[in-house]
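Dear colleague,

My notes on it follow directly after.

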Amino acid sequence: MNMKKYNFNAGPSILPREVIENTAKQILDFNGSGLSIMEISHRAKDFQPVLDEAVALIKELLSVPEGYSVIFLGGGASLQFTQVPCNFLIKKAAYLNTGVWAKKSMKEAKLYGDVVEVATSADANFTYIPKTFDIPTDADYLHVTTNNTIYGTEIRKEIDSPIPLIGDMSSDIFSRPVDVSKYDCIYAGAQKNLAMAGVTVIIVKDDKLGRAPRQIPTMLDYRTHVDKGSMFNTPPVVPIYCALETLRWIKKCGGVEAMDKKAIERAKIIYDEIDRNRLFRGTVKEEDRSLMNICFVMNEDFAELEKSFMEFATQKGMVGIKGHRDVGGFRASCYNAMSIEGAEAFAACMKEFEAKL
């Protein structure tokens, strides 16, 4: 009998088993058509309901107000680093620099206008979220990366901002309730809490589009995709179907409120063991710890045991726990599909390794 594996990969990452199985069925035979969803036209009458239901579920689960559109695009969050300022930056934009992905988004924004870095936690290798900073009221938006997968920090409540927010929620969307009304745009690459890789969901405020003082290339203009219902060019059909199955699963499990409760419980199990265990220490300021990406290292006195623990944990079925090279150590990524059982198994693994010494 094969040992149970627990998938702690940071992304592409764990998906609910029923989502994988249901998507696989449609890959073999879509809606009893005798054709794979991989080979049907995105304009086939069978596919439009998939898109419509996915959009409706996103609006329902996140309580998206009137006046916002939901679109699906390719290109990942990295394309949004340039698409956002192309559409929303008129003169000046403010950015909160909390790590690699925030820095990359700032770099792209500088191509379109002035960029103000309102605060950064680079002085401590991004192990905390800056709290007190001035937001220029004449900026067009404040861009935040709500969860930082590499460093294990997370902004779990909307920042009180005098200007509209734009949020990169690639790694924590659908893990908690969000006040969408505070944002002009929310974007998220799919491969954490939404679907397999290959699609990005964007929620945009309609009346903020078309104000930028530049000619926007057709494919970069959000209005193109809003007007065509994500069908301007061939959308990533299979990842969108996978997203639909995930959204159905989230709703069935109790929505984002239930996901939030589970995330808090799951993270507490692992963080409590890190804090108790003499071998390990968390790398992030306690109040800023991410519920999605739990980062920790060996205590200095036990640094030589890092490789041994990695081997031990792997033998125990813990998959994908190596920390990012910028932080080192370990990272247990606990997205929506990670079970409480998985968190308990990981904590038990740490406890067992300590007991061996």
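Is Arg-43 buried or exposed? Arg-43 is exposed, because its relative accessible area is 53%; buried means under 20% relative accessible area, exposed over 50% and partly exposed in between, with a 1.4 Å probe and protein chains only.

Before the remaining findings, a word on the basis. This is a predicted model, in which local features need pLDDT of at least 70 and side-chain atom pairs count only at pLDDT 80 or more, while totals for chains, interfaces and linings use all residues. Residues are numbered from 1 along each chain as its sequence is written, and side-chain values use heavy atoms, with hydrogens and water left out.

UniProt, in an unreviewed entry, places the feature "binding site" at Arg-43. Its positions are given in the numbering used here, feature names are shortened, and annotations may be inferred rather than shown by experiment. Arg-43 sits in the loop between H1 and helix H2 (48-61); helices (H or I, at least four residues) and strands (E, at least two) are DSSP runs, numbered from the N terminus. Neighbours within four places in sequence aside, Arg-43 contacts Met-231 and Phe-232, where contact means heavy atoms within 4.5 Å. The unreviewed UniProt entry also places "domain: Aminotransferase class V" at residues 6-345. The end C-alpha atoms of that span, residues 6-345, are 8 Å apart, and the span is 32% helix and 18% strand.

Two lysines in loops deserve a description. Lys-192 lies between strand E9 (183-189) and E10 and is buried, with a relative accessible area of 12%. Leaving aside neighbours within four places in sequence, Lys-192 is in contact with Ala-10, Gly-11, Ser-13, Ile-14, Thr-149, Ser-170, Ser-171 and Tyr-335. Gly-11 is also joined to Pro-12 by a cis peptide bond, with omega about -5°; Pro-12 is in the loop between strand E1 (6-7) and H1. Lys-208, in the loop between strand E10 (200-205) and helix H5 (222-227), counts as buried at 19% relative accessibility. Not counting residues up to four places away in sequence, Lys-208 touches Phe-88, Pro-164 and Asp-184.

Next, the helix packing. The axes of H7 (residues 255-276) and H9 (residues 340-356) are 9 Å apart, at an angle of about 5°. H7 is therefore roughly parallel to H9. Axes are lines fitted to C-alpha atoms, for helices over the stretch in contact, and angles run from 0 to 180 degrees between N-to-C directions; those under 35 degrees count as roughly parallel, over 145 as roughly antiparallel, 65 to 115 as roughly perpendicular and the rest as oblique. The residues in the contact of H7 with H9 comprise eight nonpolar, no polar and eight charged. Ala, Val, Leu, Ile, Met, Phe, Trp, Tyr, Cys and Pro count as nonpolar, Asp, Glu, Lys and Arg as charged, and the others, Gly among them, as polar.

The axes of H1 (residues 17-28) and H6 (residues 237-252) come within 9 Å and cross at roughly 140°, which makes H1 oblique to H6. The contact of H1 with H6 has six nonpolar, four polar and three charged residues.

Finally, Ser-63 has a positive phi near 50° although it is not glycine. Ser-63 is in the loop between H2 and strand E2 (68-73) and counts as exposed at 57% relative accessibility.

Yours sincerely
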